[in-house]
Amino acid sequence: MASFGFWRRYLARYATLAAAPRFVGPRDRLHYYERAPLWRPEQGLSAFIAELVRDQQLAEEAPRVRAFLEFWAPRQALAARGSVLIEFSFTTNKPGFGMMLYGENRAMTRAFREWCRIEGIAEDLAGRSAAICATFDDADLAMVRAEFRPGDPTRTSLTSSWFFDPLRWSGGISSRLARLPPAYQDPALTARVRAIEARLMPDFFPLFLGFSRDGGATESKVYFVRYANEPPLAPEGRVSRLLDDLQMDAARLAQVRAAFLRLWEASSEPMTQVLLDVSGNTTQPPRMNLITCGTRTGAVKDALRELDDPRFDPRSVLPFERVLQTGRAKYVALRLTPAGLSPRVKLYGQACFALGS
């Protein structure tokens with residue numbers, strides 16, 4: 001459970017951003033999903049998840065879903081208050097859903113090691129993830145996510161965050177990697193992240209750092225953020241320079257620009273997040289996600305429809321709208337590869353439940 005230090009830092013961040021938003025500038029904001037009351041579905045957590053499992057064709061995965069919640073719900077930040085806040089995610093290319101829970105960095109990291117033993121997840125992931133999170137303060141924010149998909153292994157992630165550091169004074173992502181114990185040092189990865197930082201900063205700021213385990217593959221992921229009223233992806237902008245690394249053709253690049261601008265303009269917050277998967281060797285272009293905040297789901301449907309490609313089906317947004325009873329996504333992530341836009345568009349939304357309901 002979260003300590004007094006965790007909540008003190010949370011309140012300090014909230015007060016700073018509420019009282020002096022201009023001082024913080026493009027680094028951070030209190031966005032709509034922090035200002036508005038949490039949505040609490042009429043049914044309890046068990047009934048909500050049971051319905052979601054049926055809806056997403058996950059009957060065989062139901063025991064894993066229950067095990068994840070039974071383990072993590074008592075360990076997340078709101079447990080002492082009798083609640084659990086869950087961020088759900090849905091992808092448009094296949095059934096399934098993800099759940100992310102928030103908590104204190106030290107508590108979540110220790111619990112992740114235990115969870116890896118229970119699930120038979122490789123010790124290398126558990127140790128590396130814990131070592132990364134240990135470069136953050138004990139009272140920082142950490143997140144654990146599991147994504148369940150019919151017929152696929154569960155995708156598991158652990159991430160620590162600069163969330164409680166609105167001024168981002170605690171150093172960049174490469175500085176975290178440089179602090180790792182010798183057993184987990186990866187000079188090539190550190191150099192790759194440092195090169196990305198040089199291209200994005202100071203316009204973008206570090207947000208999250210973590211790992212995901214998807215089947216037998218481990219992904220190293222870095223997130224950056226910026227709040228600015230100027231439309232993103234200007235040709236001379238820093239993110240556009242990263243897009244050039246993907247070496248997609250002109251037509252696909254035009255699709256990316258048009259789709260992301262549509263989503264950004266349909267969002268309640270002028271936020272752009274950039275996620276890069278920095279796994280693999282330095283000769284490979286990194287997979288990127290471009291992420292918007294508070295985005296109308298109707299705009300997502302329009303963007304998919306305009307692609308005029310059967311892989312991008314506007315109807316794939318309907319499960320998200322139906323389950324979370326909303327026409328606006330907390331986040332929308334477009335995945336980009338050298339082949340252009342991926343059909344795997346991800347939508348995020350959150351709900352709060354009474355613990356044990």
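A salt bridge is taken here as a side-chain nitrogen of Lys or Arg within 4 Å of a carboxyl oxygen of Asp or Glu. By this criterion, the side chains of E147 and R344 form a salt bridge in the predicted model, with an N to O distance of 3.6 Å. E147 is part of strand β3, whereas R344 sits in the loop between β10 (340-341) and β11, so the pair ties together parts that are 197 residues apart in sequence. Both E147 and R344 are buried. In total, the structure holds 29 salt bridges. Salt bridges with shared partners link E147 and R344 into one network with R149, R155, D214, E219, D277, R287 and K346.

R145 and E87 are both buried. R311 and D309 also form a salt bridge, in which the closest N and O atoms are 3.0 Å apart. R311 counts as partly exposed, at 46% relative accessibility, and D309 likewise counts as partly exposed, at 22%.

β1 and β2 run antiparallel and are joined by 4 bridges; E87 of β1 has M100 as its bridge partner in β2. The hairpin of β1 and β2 has 5 residues between the strands, and G96 in this hairpin takes a positive phi near 125°. The pairing of β2 with β3 is also antiparallel and extends over 8 bridges, with M143 of β3 as the bridge partner of Y102. Of the 8 residues of β2 (residues 97-104), 8 are buried, so the strand is largely enclosed by the rest of the structure.

In soluble globular proteins, nonpolar side chains tend to be buried together. In the present model, the largest nonpolar core has 87 residues, and those with the most contacts inside it are W72, F88, F97, M99, L276 and M288. Helix α5 (residues 62-72) supplies the largest share of this core, with 6 residues. Apart from this core lies another of 25 residues, among them F163, V225, I291 and Y331. The contacts of M99, residues up to four places away in sequence being excluded, are with I49, V65, F68, L69, I86, E87, F88, V144, R145, A146 and F148.

Helix α12 (residues 297-306) has T297, A299, V300, K301, A303 and L304 as buried residues. The elements that cover these buried residues include helices α11 (250-265) and α13 (318-324), together with strands β8 (287-296), β9 (328-337) and β11 (346-354). Just after α12, D308 takes a positive phi of about 50°.

R176, in helix α8 (residues 173-178), is buried but has no salt bridge. The nearest side chain of opposite charge is that of D140, at 5.1 Å, and the cut-off for a salt bridge is 4 Å. The side chain of R176 instead reaches the backbone oxygen of T135, at 2.3 Å. Leaving aside neighbours within four places in sequence, R176 is in contact with T135, F136, W162, S170 and L209.

Several backbone features occur in loops. M201 and P202 are joined by a cis peptide bond, with omega about 15°; P202 is found in the loop between α9 (187-200) and β5 (205-214). Q247, which is not a glycine, has a positive phi of about 55°. This residue is located in the loop between α10 (238-246) and α11 and is exposed, with a relative accessible area of 69%. Q325 is another residue other than glycine with a positive phi, near 50°. Q325 lies in the loop between α13 and β9 and counts as exposed, at 55% relative accessibility.

Technical notes
Residues are numbered from 1 along each chain as its sequence is written. This is a predicted model: local features need pLDDT of at least 70, side-chain atom pairs count only at pLDDT 80 or more; totals for chains, interfaces and linings use all residues. Side-chain values use heavy atoms; hydrogens and water are left out. Helices (H or I, at least four residues) and strands (E, at least two) are DSSP runs, numbered from the N terminus. Buried means under 20% relative accessible area, exposed over 50%, partly exposed in between (1.4 Å probe, protein chains only). Lys and Arg count as positive and Asp and Glu as negative; His and the chain ends are not counted. A polar contact is a pair of N or O atoms within 3.5 Å; within protein, one must be able to donate a hydrogen and the other to accept it, and residues adjacent in sequence count only if both atoms are side-chain atoms. Contact means heavy atoms within 4.5 Å. A nonpolar core is a set of buried Ala, Val, Leu, Ile, Met, Phe, Trp, Tyr and Cys residues joined through side-chain atoms within 4.5 Å. Two strands pair if DSSP finds at least two bridges between them.
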